[in-house]
Amino acid sequence: MADVHPLIRDELLPPHRPPRRHLISIADLEREDVERLLALSRTFSRSLEREVKKLPALRGRTVVNLFYESSTRTSSSFELAAKRLSADVMSIKATGSAVDKGESLKDTALTIGCYDPDVVVIRHPEIGAPNLVALHTNAHVVNAGDGKRQHPTQALLDLYTIEEELGGIDGLHVAIVGDVLHSRVARSNVQALLLMGARVTLVGPPALIPRGIEAMGCTSSHDIGAIRGADVVYVLRMQKERMLAGANYVPSLREYTARWGVTRDRLRPGQKVMHPGPMNRGVEIDDEVADMADALIERQVRSGLVVRMAVLYDLLTHGPIEVKVAEIEAVA
Amino acid sequence: MTLAGKSGRESVVILGARAVDPTEGLDALVDLRIDAGIISRIEPAGSRLDLNGHRVVEGEGLVLAPAFVDPHVHLRTPGREDEEDIASGTRAAAAGGYCAILAMPNTDPVVDSASVLGALLERARTQAEVPVGFLAAITKGQEGEELTEMIELAEAGAAGFSDDGRPVVAPSLMRRALQYNAAAGRPIALHCEEPTLSRGGQMHEGAVSAELGFGGYPAVAESLMVGRDLALARYEGEGLHLLHLSARGSVEELRAAQAEGVRATAEVTPHHLCLTDEAVRSLDSNVKMNPPLRAEEDRETLLEALRDGSIAAIATDHAPHARHEKEVPFEGAPFGVTGLETAFSVLYTRLVKPGLLELGTLLERMSAGPARIYGLERPQIAVGAPANLVLLDLEATWEPSETGFQSKSANSWLLGATLQGTVALTLAAGRMAHSA
């Protein structure tokens, strides 16, 4: 930690335990990992108030962004986060690359590994893609979304946003509303919120609340009225492409909006509203709610930058340890 | 039906082994002599059998049992000989203690005509290390539309009929197959999966899939089809065999039908007996199979059914896959794992040693059980029987590793595990097919 910028050094928590080598799933984190990352995010947030926003902390480091799915806010915020820390950034999109020619993820990982990147940030439509990249490169791997499983930096930036707005997370009640079944944001957030002591209720149409998910420690309801008791209402994007006729998760978007859309009159004054974006205004959230003062949606985007700076910084300023991999043996 | 493969006329004496043949009620220390491939004498250990001209095997401390029969193997031939072929698959079988295996017809081309079947049997005669039988498809191309020429296939030596890998979706066609099989007369073996319920399923639907985000393949997708097929079998008065059961509901359907006198049999795999959907948390594509690993209550029910005999056979569903096809994220990987070389060891280690299953029951369900279902000659320890024997070392331990298999593929869920119980020797059709 000799090359740490003096501004940052002051507020770093003492490392009680070695941090993870990768950030792939919230399930791999302990509460103190999250606390350390949130504290680091606050520090970076202050650094961004200065006129010159760039810090030299990761000078000479290389970050590769490997995106197999479309993304605006995640890819841009990872890129900017790395640049704010003076790292060299290379962004690779699946279209127009060797992936188009049928290259396997393993071979792409081996190829990128030849450049000795320090961090690979990957978004991929398939669950476990970041684990595979971790297996075949020496880089630290950050999961920027793998299929329907995890999007850990989204959950961290949501925690950060809640903590900044409400002063803490412990004891809060958060309602997550909408298409939980297809949502990695929901899965990561449930784990992250529970880890930090919040209570979580999932609200949505029956077929979109996955069977058995209560085993994670949350409750579920099919009644939109259940959001009234929450401190924070977290609205999920309705994945319209999955709601086409014939899928029958819900009879129609019209009925979904009528029954589960988050509108002003379904909220209690003072409730905070969040959304991971991109929003379908008029579907899962109405205009009035999206634009109200208690909506934290733009705050979330701003949090994304400092949280991703914190994640990159945290991974690169500690010595590597092996990632925790669940052994088949252990569960057999 | 025809089993094709190498056979032999070995003359061997096995001294001082603990012979266990549950069907014969045998559990004793014996000296056993084989002359020209046939068991000729079984005497108490130390009987000073005439050893002259025989290969002598010191069997002290080892268990001698009827060799195993695997009713469910994918030999990937014709079409994917890079993954497995007749020689490598049967070498793997011999290494696992099997004296006979049955291969499924979901190859490329599908085994749906007497000419494809004949060519396979012809090849097996010279290449198979242990005798192998071939099932033929129920429907042409396994497409679920037209029946194959089942009588001609039966006459050409088909061991049975199956569209394994897929269900016979249309109930009317399933009914016709059962009706027609009254004339063809071979076992019909069914892969029970209601495809509109399992569509998009990557693993068992439950708490683990909910947390990981994988598409769910609900248990009811299997048990619903099991129920339908048993209802048709009951209506037609025909028998059927249920492949690789995974769900508690399926076992309940099976038991109810058996109690009513329906001639229904079933098999279960080692992985469904040992693992649950919790294993998928590893994201290892070598725990991805169809049907998927299910919940603990399903696993316990399967084990119970195996104990009480409602499920009479253990089948590996040995499904070799090329390394590059499995070395991808879970969702992109094909279904299936290998099993021939680890089945006995893992079941001994995980079920017999902790006292969950009797050794005798395990041996019976791996040999006599499957033989009976398909009408094969039962491997046995009896004078006059052909030498279909396995010699097991229950004390030795080993670690399956990618380079240690006889199979061409290594997509085993047991890589790196420590297993107890090894196969020291396999005699199949009177021939020494494997020795460690």
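Me: A residue counts as buried if 20 or more other C-beta atoms lie within 10 Å of its own, as exposed if 12 or fewer do, and as partly exposed in between. Is A:Ser86 buried, exposed or partly exposed?

Reply: The model is a predicted one. A:Ser86 sits in the loop between α3 (73–84) and β2 of chain A. With 15 other C-beta atoms within 10 Å, A:Ser86 is therefore partly exposed.

Me: What is phi of A:Ser86?

Reply: Most residues other than glycine have a negative phi. A:Ser86 is a residue other than glycine, and its phi is positive. The value of phi for A:Ser86 is near 70 degrees.

Me: Is B:His244 buried or exposed?

Reply: B:His244 is found in the loop between β13 (240–242) and α8 (248–259) of chain B. Leaving out residues up to four places away in sequence, B:His244 touches several residues, among them B:His72, B:Glu267, B:His272 and B:Asp317. Because 23 other C-beta atoms lie within 10 Å, B:His244 is buried.

Me: How many Å apart in space are B:His244 and B:Thr269?

Reply: B:Thr269 is one of the residues that B:His244 touches. In sequence, B:His244 and B:Thr269 are 25 residues apart. In space, C-alpha to C-alpha, B:His244 and B:Thr269 are apart by 5.9 Å.

Me: Is the peptide bond from B:Thr77 to B:Pro78 cis or trans?

Reply: B:Pro78 is placed in the loop between β6 and α1 of chain B. Omega of the bond from B:Thr77 to B:Pro78 is near 5 degrees, and the bond is cis.

Me: What is omega of the peptide bond from B:Asp108 to B:Pro109?

Reply: B:Pro109 lies in the loop between β7 and α2 (114–127) of chain B. The peptide bond from B:Asp108 to B:Pro109 is cis. Its omega is near 5 degrees.

Me: Are α2(A) and α6(A) roughly parallel or roughly perpendicular to each other?

Reply: The axes of α2 (residues 31–47) and α6 (residues 152–166) of chain A come within 10 Å and cross at roughly 65 degrees. Angles of 65 to 115 degrees fall in one class. Therefore α2(A) and α6(A) are roughly perpendicular.

Me: Which residues of α6(A) make the contact with α2(A)?

Reply: The crossing of α2(A) past α6(A) is right-handed. On α2(A), the contact is made by A:Val34, A:Leu37, A:Leu38 and A:Ser41, and on α6(A) by A:Leu156, A:Leu159, A:Tyr160 and A:Glu163.

Me: Which residue in β7(B) is the bridge partner of B:Val69?

Reply: In chain B, three strands form an open sheet in the order β6-β7-β8, with parallel pairing. Four bridges join β6(B) to β7 (residues 98–103) of chain B. The bridge partner of B:Val69 in β7(B) is B:Ala100.

Me: What angle does the direction of helix α1 of chain B make with that of β7(B)?

Reply: Helix α1 (residues 86–95) of chain B packs on the sheet and touches β6, β7 and β8 of chain B. The angle between the direction of α1 and that of β7(B) is about 135 degrees.

Me: How many residues of the side of chain A that touches chain B are nonpolar?

Reply: In chain A, 28 residues are in contact with 27 residues of chain B. Among the elements of chain A that each supply at least two residues of this side are α4 (105–113) and α7 (184–195). The side divides into six polar, nine charged and, for the nonpolar class, 13.

Technical notes. Residues are numbered from 1 along each chain as its sequence is written. Chains are lettered from A and ligands numbered from 1 in the order in which they are written. This is a predicted model: local features need pLDDT of at least 70, side-chain atom pairs count only at pLDDT 80 or more; totals for chains, interfaces and linings use all residues. Two residues are in contact if their C-beta atoms, placed from the backbone, lie within 7 Å. Ala, Val, Leu, Ile, Met, Phe, Trp, Tyr, Cys and Pro count as nonpolar, Asp, Glu, Lys and Arg as charged, and the others, Gly among them, as polar. Axes are lines fitted to C-alpha atoms, for helices over the stretch in contact, and angles run from 0 to 180 degrees between N-to-C directions. Angles under 35 degrees count as roughly parallel, over 145 as roughly antiparallel, 65 to 115 as roughly perpendicular and the rest as oblique. A crossing is left-handed if the near helix is turned anticlockwise from the far one by less than a right angle, and right-handed if clockwise. Two strands pair if DSSP finds at least two bridges between them.
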